[in-house]
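Dear colleague,

Please find below the structure that I am handing over to you, together with its sequence. My findings are set out after it.

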Amino acid sequence: MISRFIKGSIILAIVFLIALIGAFIYAYQEVELDADQLINYHPQVSSEILDRNGRHLAYVFKKRHRLYATFDELPPRLVEALIATEDTRFFEHGGVNPDAILRAVVADIKARKFVEGGSTLTQQLVKNKLLSSRKKLARKIKEAILAMKIENVLSKEQIIERYLNEIAYGNNYFGVKTAAQGYFHKPLSKLTLKEIAILVGIPNAPSYYNPRRHYQRTLNRANAILYRMKSLGWITEAQYREAIKEVPKIYRSSLSQNIAPYVVDEVLRRFKGKFGDIRTGGYKIYTTIDMRMQKAGRDAVKYGYDRLMKRYRENPKKSNLNGALIAVENKTGDILALVGGVDYRKSAFNRVTMTRRQPGSAFKPFIYQTALDMGYNPASKLTDLARTFQYYKNGKRKVWAPKNYERDFKGFITLREALVHSRNLATINLVYDIGLETIRRRLALLDVKNIPRDMSIALGNLAISPLKMAQIYTVFSNYGHMIEPRLVSKIVSKEGSIIYETKPKEIVDFTRPEQAYLMTDILMDVIKRGTGKNAAVKGIELAGKTGTTNDGVDAWFCGYSPAVTTITWYGRDNNRPIGRHATGGSVAAPAFARFYRDLLKIDPNTPRAFPVPEGVYIGEVDGHKELYTKISPLPKENGARDIFEEGFVPTPPQKRSSQDENSVKSPSDTERVESVDLGGAKAGDENGAEVDHFDESDDLLAPDRQKPDKADEESGSLF
């Protein structure tokens, strides 16, 4: 009877054991999908945005800030400290440590609750990545099964690499590389033994051992880890004593601190939906920004803003007045500085790229360039007299009687003086004489939208962004070639491959180099003795133009040096007037000058004089020296004559070669614009609006110009 009972019990035990083994095998096979998340490990890794010189601008990420470190990057002492603290027999077990489990079971039975886990490093990795942290038997069994599954596929080194990249270190730092840079501002290779011990101790309880809040508690934990390493004989007594005495500096600034927020936002906007999520791919995004010039740009905008606060006695906390600046390298179109507002914390709206404001007189140089390219000379006489225009709006007759800002008339004035002193009436009469459609056809080459169909174009009555102004001003600064601004030069994957790259792109030849230089010479006079005197900087030639709209709503200064084009703008976000006597010359020009003063300190070797291209000559008109070209000859009726001035040696700008990778082939002189969409309704739409068509036979200018190319992916365009 007893023998039969014993036999039955043995058989039952065997059946139970077989069932248990079968269940274990089934569970082992069922966790295949879960284990794959660690075997084929692809964590979200923060992307880094850098300036053109590789300097850090910001980290971007979605939820977890993680910088990935390969096993080869991990210091041996870090691995030793981790194993000494968490799993001394790590290199001996197969994912589960029976001795540790037995000790934990005994401790739990004595306490009548879960007090000790007995988990290996592999089990901790499984728990952190795949399971909850709740101490339940079912979870512990699955954890053990997964640990053995992973140990069967991955090497010990791979497990340690995944563990140290997955674990949380507090303050939204995930991974030991992130924590090292965040807390100590150091790469892993530069960590001291004490700093390593601090990092190993944090994941046990990230909030409790937060070194920013509980520094002494963190040091005590680190000292215990050092003692454990000494006890195992992994460090010497001398090394232990030296490390105990060390008190590392903990940095409180966030590792994700963004020193160029408007730039970072623009990069994220530009690449939204491309390359997956640009924030989580571990990319290195190289911008064209120069961090030193970005700071100079911020300082310049703040300088102009502070002057306005003082001038109009406004409280900065309540004021809706704002400013913006963009600086572009003339030859490449690289955006060196982009400041979208005075204070990003108050407003993240980017006034460089996302707003369109009226440029006022800052747009006049393009009208005058058209005149020069049609045969006018800087010494040509313009009519500075009042003219009244009538038009009809909603069937009612309206009268437009524009005035000069100074409320006076000069009668006749040279083209140079009209632009230098920003004479509205002379400009309006020039547009009238040239012909509105001629002007509009020429301006279409700039790819500016919604060009006015009336004479208000002479006063810059159109909406345009500071970014677009920077682009079109390269027509002058780049000797006739308009170049496309770009913000990102390349993107490198976490594996080190270049997955996106741009090159400088010239998008239209607007005029000839010698013709562009005539405008530069006039715009230098604007700063020397005209409306832009506040933009002058000692030791460098600058050219530019002020812009002020009706009632002082917008104030601009648009200008350039031989190397850099810069646009400064000020206005109120509610489109109300800035204040009494607010002009581009008094409001925006000082910030422009501040930027170039700083630029000279940043780059003392920056070119300081504009090269004179071939084909520019000097003559005399009415006793005054004046420049001329073959296209823009001296006005003979004014007693003009050629003169030779010693030292005036025309020198061409930097030559462009078709072999130069930073150059783009110039537009062909054989291609003409047949029709240009100026932003009106399409023919046949529900409004029945008329679309402009320009006569192909109307040979306006010499040479013929090409319609601007549309931006493509390789250009890095922001439009």
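This is a predicted model: local features need pLDDT of at least 70, side-chain atom pairs count only at pLDDT 80 or more; totals for chains, interfaces and linings use all residues.

Residues are numbered from 1 along each chain as its sequence is written, and side-chain values use heavy atoms, with hydrogens and water left out. Helices (H or I, at least four residues) and strands (E, at least two) are DSSP runs, numbered from the N terminus.

The sheet

An open sheet of mixed pairing is formed by 5 strands in the order S2-S1-S5-S13-S14; two strands pair if DSSP finds at least two bridges between them. Strands S2 (56-60) and S14 (498-501) stand at the edges with a single partner strand each, so one side of each has no neighbour in the sheet. On average, neighbouring strands of this sheet are turned by 15 degrees against each other, direction ignored.

S1 and S2 pair in the antiparallel sense over 4 bridges, and His 56 in S2 is the bridge partner of Leu 50. Their hairpin has 5 residues between the strands, and Gly 54 in this hairpin takes a positive phi near 85 degrees. By contrast, S1 (residues 47-50) and S5 (residues 284-287) pair in the parallel sense over 3 bridges, with Glu 48 opposite Lys 284 in S5. Of the 5 residues of S2, 4 are buried (under 20% relative accessible area, with a 1.4 Å probe and protein chains only).

Helix H12 (residues 261-270) lies across S1, S2, S5, S13 (488-492) and S14, at about 50 degrees to S2. Axes are lines fitted to C-alpha atoms, for helices over the stretch in contact, and angles run from 0 to 180 degrees between N-to-C directions.

Helices H5 and H7

The axes of H5 (residues 121-129) and H7 (residues 156-166) come within 10 Å and cross at roughly 45 degrees.

Helix H14

In H14 (residues 364-373), 10 of 10 residues are buried, among them Lys 364, Gln 369 and Asp 373. After H14 comes Gly 375, with a positive phi near 115 degrees.

Yours sincerely

Terms used: Buried means under 20% relative accessible area, exposed over 50%, partly exposed in between (1.4 Å probe, protein chains only). Contact means heavy atoms within 4.5 Å.
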